[in-house]
Amino acid sequence: MNTFEATRLVAAREIRVKLRDRTFLISTLFFLLIAAAATILPPLLAGGPSTVAVTEAAAGPLREAGLEVRVVADDAAAEQAVRDGDADAAVVAGPAVLAMNDAPTDVVSALSSAPPVRLLNPDAVDPVVAFLVPFAFAFIFFITSQTFGMQIAQSIIEEKQTRIVEILVAAVPVRALLAGKMLAGTLLALGQIGLIAAVALAGMAFGDSNQLLSLLGPAIGWFVPFFLLGFVLIASMWAAAGALVNRLEDISGVSMPVQLAVMLPFFAVIFLNDNAGAMQVLSYLPFSSPTAMPLRLFNGDAAVWELFASLALLLVAAAGFVLAGSRVYEGSLLRTNGRTSIRTAWRERETLG
Amino acid sequence: MDAVTTVLRLDGVDRSFGDRQVLKSVSFEVAAGRMTGFVGGNGAGKTTTMRIILGVLAADAGRVTWGGRPLDRQIRGRFGYMPEERGLYPKMSVREQVVYLGRLHGMTAEGARRATDTLLERIGLDERGDDLLETLSLGNQQRAQIAAALVHDPEVLVLDEPFSGLDPMAVDTILTVLRERAAAGVPVLFSSHQLDVVERLCDDLVIIADGTIRAAGSRELLRSSATTRRFELVVDTDAGWLRDQAGVSLVDLDGPRAVFDLAADTDEQPVLHAALARGPVRAFRPVTPSLAEIFREVTK
């Protein structure tokens with residue numbers, strides 16, 4: 001049994017077990033619903049063009065502006081249509097625009113001549129979108145690295161707690177055990193995000209947000225490698241944390257540093273996302289770069305070389321954490337009496353056969 | 001295969017945890033086709049020795065060989081191991097995890113499935129095979145554990161306390177399976193602190209105390225080489241006169257029945273003659289020491 005083959009078997013088992021876990025399936029479904037709702041509902045609620053009640057004589061310019069025209073016999077009937085809720089607005093002689101309580105801008109602009117507008121920065125992002133997109137990126141990274149990282153830790157503890165780990169260690173290299181779990185966690189996390197992304201993209205297409213889509217494209221493309229490395233970084237911390245304890249009940253005792261390592265960058269990116277200087281720093285720090293750097297790209301603040309530099313830093317950090325994490329894992333895996341300190345685990349590794 | 005190629009041999013194995021040396025130059029052999037009992041008190045070094053054989057722990061010094069070759073991962077992959085601390089995945093079915101462990105030992109998916117089916121039937125677990133492990137009784141979980149150790153048809157079996165916690169029926173089932181493996185030429189090393197169980201089951205015996213091997217060899221040989229020579233005598237009248245017999249030390253006297261030890265340089269025949277001179281002798285026989293007695297003697 002070579003390490004590669006063993007890693008594959010271990011990962012396959014982890015994935016199989018996870019795909020049968022009802023909690024996991026339900027939470028995935030829940031995320032998909034949120035993604036669908038968030039992309040499909042807003043355009044639907046915005047309601048499309050206004051319906052205007054108007055006599056046939058005055059309908060021409062309104063039709064040209066793409067409004068939905070409801071032809072009525074006279075001005076009185078037009079007013080009544082608005083009062084009854086059959087139309088959003090009415091255009092009567094004058095011309096005057098009637099509406100219930102909200103001035104219908106699209107109707108007004110269809111009837112007025114607007115001065116020409118020249119946009120100096122046509123690609124600039126809508127401020128609402130500029131807040132929502134970073135939030136969505138940071139949130140996805142936060143939630144997935146938390147859930148799937150925690151699952152890696154739980155799976156490690158389960159093997160320690162049930163003592164099956166000794167049989168496993170006698171059969172396959174310890175590295176393969178850890179690698180299999182990390183691989184399974186990464187694949188599951190990517191799979192879940194991929195599903196969510198697919199649903200979100202379909203939702204945007206359905207809701208006619210193609211412009212947003214083309215803006216988001218490159219940011220999403222870069223988010224994937226950043227997410228992958230960032231996830232591996234966090235997952236190796238979870239693996240080490242899980243290996244230090246023997247019972248699921250004790251995990252909270254060791255998971256605090258890991259939680260902070262995920263949570264602090266999350267809030268930093270959320271709260272400092274309009275502070276260019278802070279974002280520049282955050283986009284290079286390995287714990288925050290997975291969300292901060294794609295954001296700067298999205299907002300048009302990052303040069304391509306910066307992306308590669310940040311990715312390289314993240315790669316080095318992730319590799320370092322994987323090595324350290326696996327050393328702690330190997331050193332504490334067979335210590336089944338109480339909690340192991342990181343220092344003991346670090347030293348103990350040399351004695352494993 | 002000749003004898004050398006089918007022996008699991010430990011040679012001068014040392015191991016310390018911190019300042020505490022738990023194994024001191026441990027050497028013994030486990031021969032093919034023999035059930036070898038590994039006996040010692042708590043903390044004597046049984047589990048550490050077995051973990052070193054399986055490569056779960058590294059030895060500080062010494063070596064372990066199978067068929068003359070030092071163990072590596074490849075060779076150990078063909079060993080079957082049942083650790084002292086039991087456990088399988090509680091939320092997986094018995095069949096699924098036995099197949100999984102078979103595959104981790106290098107079996108093909110198909111081979112592992114077939115071996116699992118045969119084995120589960122053999123140990124009376126086929127009907128519960130698709131149930132989650134956690135829904136099984138402890139005895140059945142123990143059977144599943146044996147299946148996990150045997151699924152890949154190992155060349156060597158190392159079992160740490162395989163019979164503890166088993167009901168007599170399960171002991172018999174598992175014993176039968178183990179004997180089959182031994183008869184097929186597999187060396188079986190199993191530890192136990194229940195001396196009566198080992199006495200019943202083993203062909204060979206290794207006794208460890210404080211990290212040193214105190215005795216090793218076939219059960220009969222160990223018995224006959226026990227240093228004390230003990231006899232039982234039954235006569236018709238009171239046997240109290242034995243007290244005055246040269247070289248005799250009485251262990252137990254109950255009217256006409258006596259148990260006594262003979263000094264090393266004393267022959268038992270004069271004692272028998274002396275008894276016959278006093279009347280009929282109903283019984284006169286050597287008492288083979290029980291394993292517990294041997295154990296007590298070699299570990300004191």
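**Exercise 1.** Determine at what angle helix α5 and helix α6 of chain B pack, and which residues make the contact.

*Solution.* Step 1: identify the helices. Helix α5 of chain B covers residues 138-150 and helix α6 of chain B covers residues 168-183. Helices (H or I, at least four residues) and strands (E, at least two) are DSSP runs, numbered from the N terminus.

Step 1: read the geometry. The angle is about 10 degrees, and the axes are 11 Å apart. Axes are lines fitted to C-alpha atoms, for helices over the stretch in contact, and angles run from 0 to 180 degrees between N-to-C directions.

Step 2: classify the angle. α5(B) and α6(B) are therefore roughly parallel to each other. Angles under 35 degrees count as roughly parallel, over 145 as roughly antiparallel, 65 to 115 as roughly perpendicular and the rest as oblique.

Step 3: list the residues. From α5(B) come B:G139, B:Q142, B:R143, B:I146 and B:L150, and from α6(B) come B:A170, B:I174 and B:V177. Two residues are in contact if their C-beta atoms, placed from the backbone, lie within 7 Å. By class, the contact of α5(B) with α6(B) has 5 nonpolar, 2 polar and 1 charged residues. Here Ala, Val, Leu, Ile, Met, Phe, Trp, Tyr, Cys and Pro count as nonpolar, Asp, Glu, Lys and Arg as charged, and the others, Gly among them, as polar.

The model is predicted: local features need pLDDT of at least 70, side-chain atom pairs count only at pLDDT 80 or more, and totals for chains, interfaces and linings use all residues. Residues are numbered from 1 along each chain as its sequence is written, while chains are lettered from A and ligands numbered from 1 in the order in which they are written.

**Exercise 2.** Describe how α1(A) packs on helix α8 of chain A.

*Solution.* Step 1: α1(A) and α8(A), residues 174-206, pack at an angle of about 45 degrees, with 7 Å between their axes. That makes α1(A) oblique to α8(A).

Step 1: the crossing of these two helices, α1(A) and α8(A), is right-handed. A crossing is left-handed if the near helix is turned anticlockwise from the far one by less than a right angle, and right-handed if clockwise.

Step 2: the residues of α1(A) in the contact include A:V10, A:A11 and A:I15, and those of α8(A) include A:L183, A:A184 and A:L187. The contact of α1(A) with α8(A) comprises 11 nonpolar, 3 polar and 4 charged residues.

**Exercise 3.** State which element gives the most residues to the side of chain A that touches chain B.

*Solution.* Step 1: chain A brings 21 residues to the contact and chain B brings 24 residues. Step 2: α1 (3-19) and α7 (165-171) of chain A each supply at least two residues of the chain A side. Step 3: α7(A) gives the most, with 6 residues. Step 4: the chain A side divides into 14 nonpolar, 4 polar and 3 charged residues.

**Exercise 4.** Is B:A144 buried or exposed?

*Solution.* Step 1: B:A144 is found in helix α5 of chain B. Step 2: with 25 C-beta neighbours inside 10 Å, B:A144 counts as buried. A residue is buried if 20 or more other C-beta atoms lie within 10 Å of its own, exposed if 12 or fewer, and partly exposed in between, with C-beta atoms placed from the backbone. Step 3: beyond its neighbours within four places in sequence, B:A144 is in contact with B:L88, B:V94, B:L125, B:L133 and B:L136.
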